[in-house]
Amino acid sequence: MNMIQAINSAMDIMMERDPDVIVMGEDVGYFGGVFRATAGLQAKHGKTRVFDTPITECGIIGVAVGMGAYGLRPVPEIQFADYIYPALDQLVSEAARLRYRSAGEFTSPITVRSPFGGGIFGGQTHSQSPEGLFTHMSGIKTVIPSTPYDAKGLLIAAIEDNDPTLFFEPKRIYNGPFDGYWDRPSQNWSKHPAGEVPTGYYKIELGKAKIVRAGEALTILAYGTMVHVCAAVVAEAGIDAEIVDLRTLVPLDIETIEASVKKTGRCMIVHEATRTSGFGAELSAIVQERCFYHLEAPIERVTGFDTPYPHSLEWAYFPGPVRIGEALKKIMKDA
């Protein structure tokens, strides 16, 4: 399966297992979503369980919060993460606070799916990575898969969870892994081990990172598309790096991060979102607090820039092989 098919399979399975699971969003019904992630679900499960909404992100999430409070498990889609901002108040002030403000009487078991990130020439309004905003808000879980296998298992776990979850899908790797070289032929998941996805039910526990590549020279912390870009750069550079795919930002697998950095003595953090107040800053602080006496070099961050995502300069903004390679040379200079 590619990632779109894996996500579709996860929703299909959960709708079969639980009649309270509802899929909703702009064009998710007959049309099957802009990326076809919900294709065929309305025909199979009916218009009352898979339905189109008006173009109002605030309304989509507001209705989903109410559904969750009444016992349903809605899976609303925000068509692009760039459009999630009108729903920010509903997500932060309502969904994230409902369990706390009701002393546990009500929960908000909603899973908000949304494609995010660049690498597809989407420009400033179709390429943003807003995950850092939600990691700052108490009460919301934030999940970002990097493979079809993880996407299905993590999405099932998110739908079953009783807390609101933001499920950001890296659209650049919907159809295949990406090594960061935009001018090379594209790859597909059929030739990748993580493209082998079971057709049945399984889930991956939230809050558990995955060591994609074991190594001794340094630790690279990444998620989503950047996992594959880092793996390609490390392989070409011949550096014995340990790559940790965080998979979930909240809850965060601090134990795996700490153990890896203490083993390698070096840490590089890579994400596509803007640098200032990006999630990499939190990761850097955690590593500094917990691993300071084990560090043999300053922590390196490779991120997007503090600008809107430029259309004409897509690959200058994108943290690609050149910028990651320069950071590797810097952090390994005295190794």
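Which residues lie nearest the centre of the largest pocket? They are E131, G132, L133, S277 and G278, out of the 28 residues that line the largest pocket.

Before going further, some ground rules. This is a predicted model, where local features need pLDDT of at least 70, side-chain atom pairs count only at pLDDT 80 or more, and totals for chains, interfaces and linings use all residues. Residues are numbered from 1 along each chain as its sequence is written, and side-chain values use heavy atoms, with hydrogens and water left out.

**Pockets and cavities**

Rolling a probe the size of a water molecule over the atoms shows where empty space is left. Here that is done on a 1 Å grid over the protein atoms alone: a cavity is a set of points where a 1.4 Å probe fits but cannot get out, while a pocket is an open set with protein on both sides within 12 Å along at least five of seven lines, and lining residues have an atom within 4 Å of a point. Grid points are joined across faces, edges and corners, and a volume is the space filled by probe spheres set on the points.

| Space | Volume |
|---|---|
| Largest pocket | about 520 Å³ |
| Second largest pocket | about 240 Å³ |
| Largest cavity | about 80 Å³ |
| Second largest cavity | about 40 Å³ |

Back to the largest pocket: α6 (131-135), β10 (248-250), β11 (267-274) and α10 (279-291) are the elements that give two or more residues to its lining. Helices (H or I, at least four residues) and strands (E, at least two) are DSSP runs, numbered from the N terminus. With four residues, α6 gives the most to the lining of the largest pocket. That lining splits into 13 nonpolar, twelve polar and three charged residues. For these classes, Ala, Val, Leu, Ile, Met, Phe, Trp, Tyr, Cys and Pro count as nonpolar, Asp, Glu, Lys and Arg as charged, and the others, Gly among them, as polar.

The second largest pocket has 16 lining residues, and H192, V212, V227, H228 and A231 are the closest to its centre. Both β7 (210-213) and α8 (225-237) give two or more residues to this lining, with the largest share, four residues, coming from α8. By class, the second largest pocket has seven nonpolar, five polar and four charged residues in its lining.

Around the largest cavity are 14 lining residues, with F116, S129, Y223, T225 and E272 nearest its centre. Here α8 and β11 give two or more residues, and β11 gives the most, with three. The second largest cavity is lined by G33, V34, F35, R36, A37, E77, R113, P115 and Y174.

**An aromatic pair**

F35 also pairs with F80, edge-to-face, at 5.6 Å centre to centre and 65° between the planes. Rings of Phe, Tyr and Trp (its six-membered ring) pair if their centres lie within 6.5 Å; planes under 30 degrees apart count as stacked, over 60 as edge-to-face and the rest as tilted. The two residues are 45 apart in the chain, with F35 in the loop between β1 (21-25) and α2 (41-45) and F80 in the loop between β3 (73-77) and α4.
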